[in-house]
Amino acid sequence: MTVDLFSFLHAKLGSDHHKAILQALHSKENAVAALIHPALWTRIETRLAQISLAGLLLIQLLIIYVMGTQPPLQWVHALYDDAYYYLGVALHLGQGLGSQFHPPLQTNGYQPLWLLLLSGLGLLAQGDRTLLAQLAVALTGLIWLACAGLMRRQHVVSPLAFILTLLLYPFVFCFGMETVLLLPAILLLLRTTPSQWGWRGACFALLFYSRLDALALAPVWTLAAWSSYALPQGSRRQQLQAWWHDAWRCASLTLALILPYLLLNQLWFGLPLPVSGVSKALGAVRGENMAVAVWYLSMAALPLSMVLLNTYWRYRLQCAAHPAQRLGGLCLATAALCALYYGLFSGWPVWDWYAWPLALATLFALSASLHYLALNLATGRNINRGNVAWGMVILCALALIVVSALSGARQIAYGAKAFFKPGFSEDWYPRQNLLLLQTFIAQQPPAVVAMGDRAGSLGYWLPSAWGFIHTEGLVASTAYWQALQAGQGPAFLAQHGVHWLVVDREQYMHGVDAAGQPLLGVVEPIQGLSARQGPYLLCFPPAAIGYQQTYQGQTRYVLDYHQRVSCPTTMEQDLTTLRQKYGALRHFSLPSEAPAGWLNRWLGLVW
């Protein structure tokens with residue numbers, strides 16, 4: 001057995017490590033340490049990460065293959081619906097048709113760097129929607145590979161922790177959203193030193209262009225850099241001066257790199273920031289949306305527990321802190337800033353990819369945990385009953401993480417299910433969007449369609465001869481946002497020739513006209529939780545329903561906008577009442593997504 005192990009270690013690790021391990025095998029108390037030698041542990045961890053990454057890339061290739069061989073109905077869910085907003089704008093930019101999701105409105109409702117990359121792919125696709133979707137999936141896989149290459153040049157992020165994080169947060173890194181760009185951006189930032197203020201400022205700008213709220217990392221990172229300016233013989237004042245000197249130069253460079261984006265937005269679109277963000281802030285009462293802090297706190301359970309666990313573990317081991325341990329704490333602080341910002345300035349809920357700072361915190365906390373686990377098991381003097389028991393607790397925690405990661409892998413692989421089950425399609429709203437296009441839209445002459453929530457895949461696959469207006473305003477124009485401000489949303493839709501209005505609701509408003517005939521009331525948009533201003537009411541007679549779909553408790557109507565009638569005063573008053581109460585409009589329209597139980601109602605959870 002010893003000879004076989006000697007040969008194995010000599011082949012896999014080389015002569016620098018196998019002698020120490022074999023010597024440890026002669027000591028009974030060090031036997032466990034020998035089998036988990038740091039070099040062997042690193043090798044195993046790297047191999048596991050490589051195999052896992054290869055598996056993920058294989059899934060991406062299968063998804064691309066399914067996209068090329070089967071109709072979109074079988075794979076539309078491989079990308080998140082909001083990702084299609086990016087693809088739609090990139091498709092039109094690639095064709096030289098301007099920054100529009102679909103004619104006729106120009107928009108800046110996107111994160112700039114992700115759209116820039118997709119627009120390059122749109123130039124290659126030249127109007128081929130399927131090809132552009134395939135290229136977007138391939139781009140995600142290439143970004144994963146780039147991250148793997150960057151990790152080989154630093155010793156902060158564990159490759160296995162990287163894979164586990166991808167699987168734990170698939171909606172952040174795997175379904176076509178811009179947040180995947182934060183991985184290479186943060187890895188580039190890790191390569192800078194506190195004194196390299198120029199490179200650090202460029203990395204902060206890169207984070208901003210990847211996702212605007214990622215700039216929240218800059219102040220946290222800069223403040224944390226204070227401790228790196230300790231001078232051997234300098235005073236605290238000299239330390240502060242050195243830190244402040246580099247900090248303001250870094251901030252100035254970051255601002256200089258960001259300013260052109262803001263100025264060009266103002267020049268081209270009339271707003272310095274994306275219209276998607278200002279639309280979500282329309283009518284919000286400052287500070288009323290602090291329920292998002294509860295969402296961030298619930299999502300922070302895993303990384304926060306691991307950061308605290310790592311702190312205690314390091315205390316038990318009496319070892320130097322792993323660099324990733326502090327970075328996990330910085331990302332948690334960044335999440336707190338994001339929660340504060342959205343609680344104060346936005347009126348909307350937040351979705352899974354908004355948890356990007358918590359995903360990064362998990363990445364760093366996992367890296368530190370794996371390091372401390374290896375150190376705990378590999379240091380013979382620390383192998384005792386208490387530490388082995390503690391190590392078993394950590395192993396059980398890691399096992400739970402792995403189980404959750406396998407669930408994430410299943411979600412990612414869902415996009416390739418049609419490869420194994422031809423003809424497969426999921427009965428949810430992306431599929432309903434495509435069925436609507438294939439049944440109702442295909443039979444109508446070209447016209448202008450308006451739709452709010454869940455419109456990404458419908459607008460992307462809508463024929464080019466048709467027009468589209470997003471009633472939520474996220475990929476609409478500044479003029480539409482101004483119309484919402486002025487309470488002229490319905491008039492704007494009429495002026496731009498909207499013929500069909502598509503709406504999904506669990507519950508609609510109902511009333512009667514002056515003649516006693518029934519009316520259907522539709523409010524747009526409905527996602528705002530704190531929205532005293534913006535949402536408007538549209539009323540239609542039953543004859544205006546041109547098409548209907550039912551799925552998963554939702555009823556979808558396609559309404560003839562030309563048959564819109566004036567709403568009675570009672571229905572307008574009902575809308576005013578709903579707008580004045582936090583979350584009431586969304587709860588009324590989507591009651592299944594309203595909080596259940598007194599605790600949730602007290603906390604104000606609305607998703």
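Contact here means heavy atoms within 4.5 Å. The helices and strands named in these legends are DSSP runs numbered from the N terminus (helices are H or I with at least four residues, strands are E with at least two). Welcome to a predicted model, in which local features need pLDDT of at least 70 and side-chain atom pairs count only at pLDDT 80 or more, while totals for chains, interfaces and linings use all residues. Residues are numbered from 1 along each chain as its sequence is written, and side-chain values use heavy atoms, with hydrogens and water left out.

**View 1. Helices α7 and α8 meet.** Trp144, Cys147 and Met151 of α7 touch Pro159, Phe162 and Leu166 of α8. By class, this contact has 6 nonpolar, no polar and no charged residues. (Ala, Val, Leu, Ile, Met, Phe, Trp, Tyr, Cys and Pro count as nonpolar, Asp, Glu, Lys and Arg as charged, and the others, Gly among them, as polar.) The axes of α7 and α8 come within 10 Å and cross at roughly 155 degrees. That makes α7 roughly antiparallel to α8. Axes are lines fitted to C-alpha atoms, for helices over the stretch in contact, and angles run from 0 to 180 degrees between N-to-C directions. Angles under 35 degrees count as roughly parallel, over 145 as roughly antiparallel, 65 to 115 as roughly perpendicular and the rest as oblique. The crossing of α7 past α8 is right-handed; a crossing is left-handed if the near helix is turned anticlockwise from the far one by less than a right angle, and right-handed if clockwise.

**View 2. Helices α16 and α17 pack together.** Here α16 (residues 301-317) lies against α17 (residues 323-345) at an angle of about 150 degrees, with the axes 10 Å apart. The two helices are therefore roughly antiparallel to each other. On the α16 side, the contact is made by Pro303, Leu304, Val307, Asn310, Thr311 and Arg314, and on the α17 side by Gln325, Gly328, Gly329 and Leu332. Sorted by class, the residues of this contact are 4 nonpolar, 5 polar and 1 charged. The crossing of α16 past α17 is left-handed.

**View 3. Helices α15 and α16 meet.** The axes of α15 (residues 291-299) and α16 come within 5 Å and cross at roughly 55 degrees. These helices are therefore oblique to each other. Leu297, Ser298 and Met299 of α15 meet Ala301, Leu302 and Pro303 of α16. Their contact divides into 5 nonpolar, 1 polar and no charged residues.

**View 4. The second largest pocket.** This pocket has a volume of about 730 Å³. Among its 25 lining residues, the closest to the pocket centre are Thr42, Thr46, Val157, Ser158 and Pro159. Pockets and cavities are found on a 1 Å grid over the protein atoms alone: a cavity is a set of points where a 1.4 Å probe fits but cannot get out, a pocket is an open set with protein on both sides within 12 Å along at least five of seven lines, and lining residues have an atom within 4 Å of a point. Grid points are joined across faces, edges and corners, and a volume is the space filled by probe spheres set on the points. At least two lining residues come from each of α4 (38-69), α7 (129-151), α8 (159-168) and α18 (356-378). The largest share, 8 residues, comes from α4. By class, the pocket lining has 14 nonpolar, 9 polar and 2 charged residues.

**View 5. The largest cavity.** The count comes to 5 cavities of 30 Å³ or more, and about 90 Å³ of space lies in the largest cavity. Its lining is made of Ser279, Leu282, Trp348, Glu472, Leu484, Pro525, Gly528, Ala531, Gln533, Gly534 and Pro535. That lining has 6 nonpolar, 4 polar and 1 charged residues.

View 6. Proline 525, one of the residues lining the largest cavity, is joined to glutamate 524 by a cis peptide bond with omega about -15 degrees. Proline 525 sits in the loop between β5 (518-524) and β6 (536-540). Another cis peptide bond joins proline 103 and proline 104, with omega about 15 degrees; proline 104 lies in the loop between α5 (83-94) and α6 (112-125). Arginine 454 has a positive phi, near 65 degrees, and is placed in the loop between β1 (448-451) and α22 (456-461).
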